[in-house]
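Q: I am new to this structure and would like to learn how to read its features. Please take them in turn, with the general idea before the case.

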Amino acid sequence: MTGEIRRILSFEPARAKNNPVIILAVVSAALYFIVIGIYLGRAADEINSAFSEFRQVAEVGFQESDVPIIGWLKDATDPALQALFVGHSPLLAIFFWLALLGTPWIVMLVASDQTASELSKRHIRFILPRVTRRGLFMARLLSSWIVWAAISSISLFLVGIVLMQIGDGENRNSDYILMFRMIWILAIYGIPFIALMAFINTFISNAFLSYLLATGAWSIFWVLGEVGSWVHGGFRFFSYLIPTAVKYPLLSEDPQRFLAGVGGVAGYSLVFIFFGILIFSRRDV
């Protein structure tokens, strides 16, 4: 099947450049990262001041009563996020966080048309005599990940370089390490969302509706998990039905917690891939 996947991938660049969904995703991703960069550049002094206060609190240990005094950093309650903000350049750290928060929306758009268009237009009937369904499913999934990795890497690198020039410049080597860490963590973080869209594409043959279902389900589960947990702790279970549960473990500098995050990425991805192939191999085309 490896040779078959390579053969399918060789045609993907031509398909991608003529696919309006992928073009929209590229433009959306570029705008998102550029707007964040512009905002951070303009607010550099305020951000540096907020981080200075944040680090003073961190030196004596975080207490629940201390959190409100650090303004818009009040959501930094996860140890991985606290370590990111305390130990790294303020502009790059907040850029990393915002990029992580926006990744699901962008990557699901990138991957929203893996097989949907061919299924809706019945073009897939001309493709399947030449390749297996499993090979096509995996090749399109891999192609979507390559597109996401390219978009995120280029955007993060260019915006990161600019932010490094207007940042505090205390430790340039550390800034470069953080930037490259940001690039490969976001590439990994995107995998389960791409697998989710591959799964949804097997039973919804419309890219827009696939994206709408994915973002709608994600929003509902997030609300049930986060807001519902105020009512009863058992509602927290819903938060683990979506891949966003792995974002802070992936961000962690603790090797054990990071590996747990990677395991979570693999777990979500394998579940979506298994059911996606199961449905795709049996559905009428």
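Q: Is Arg181 buried or exposed?

A: This is a predicted model, in which local features need pLDDT of at least 70, side-chain atom pairs count only at pLDDT 80 or more, and totals for chains, interfaces and linings use all residues. Residues are numbered from 1 along each chain as its sequence is written, and side-chain values use heavy atoms, with hydrogens and water left out. Buried means under 20% relative accessible area, exposed over 50%, and partly exposed in between (1.4 Å probe, protein chains only). Arg181 has 14% relative accessibility and therefore counts as buried.

Q: Which residue does the side chain of Arg181 meet in a salt bridge?

A: A salt bridge is a side-chain nitrogen of Lys or Arg within 4 Å of a carboxyl oxygen of Asp or Glu. Arg181 pairs with Glu253, at 3.5 Å from N to O. The two are 72 residues apart: Arg181 belongs to helix α10 (residues 172–189), and Glu253 to the loop between α13 (247–251) and α14 (255–280). Glu253 is partly exposed, at a relative accessible area of 46%. The whole structure has 1 salt bridge.

Q: How many residues of helix α11 are buried?

A: Helices (H or I, at least four residues) and strands (E, at least two) are DSSP runs, numbered from the N terminus. In α11 (residues 191–201), 10 of the 11 residues are buried. Among them are Phe193, Leu196, Phe199 and Asn201.

Q: Which residues does Thr115 touch?

A: Contact means heavy atoms within 4.5 Å. Leaving out residues up to four places away in sequence, Thr115 touches Asn201, Arg140 and Phe280. Thr115 sits in the loop between α6 (90–110) and α7, and is buried at a relative accessible area of 3%.

Q: What lines the largest cavity?

A: Rolling a probe the size of a water molecule over the atoms shows where empty space is left. On a 1 Å grid over the protein atoms alone, a cavity is a set of points where a 1.4 Å probe fits but cannot get out; a pocket is an open set with protein on both sides within 12 Å along at least five of seven lines; lining residues have an atom within 4 Å of a point. Points are joined across faces, edges and corners, and a volume is the space filled by probe spheres set on them. The count is 1 cavity of 30 Å³ or more, and the largest cavity holds about 60 Å³. Its lining includes Glu12, Arg15, Asp113, Arg140 and Val147. The largest share, 4 residues, comes from α9.

Q: How many residues line the second largest pocket?

A: The lining has 18 residues, with Glu12, Arg15, Glu118, Ile127 and Arg140 nearest the centre. The elements giving two or more residues are α1 (2–9), α2 (12–17), α7 (116–121) and α9 (133–166). The volume is about 420 Å³. Ala, Val, Leu, Ile, Met, Phe, Trp, Tyr, Cys and Pro count as nonpolar, Asp, Glu, Lys and Arg as charged, and the others, Gly among them, as polar. On that basis the lining has 8 charged, 6 nonpolar and 4 polar residues.

Q: Where is confidence lowest and highest?

A: pLDDT is the predictor's confidence in each residue, from 0 to 100. Confidence is lowest in helix α4 (residues 44–60), at a mean of 66, and highest in α11, at 93. The protein chain averages 80.
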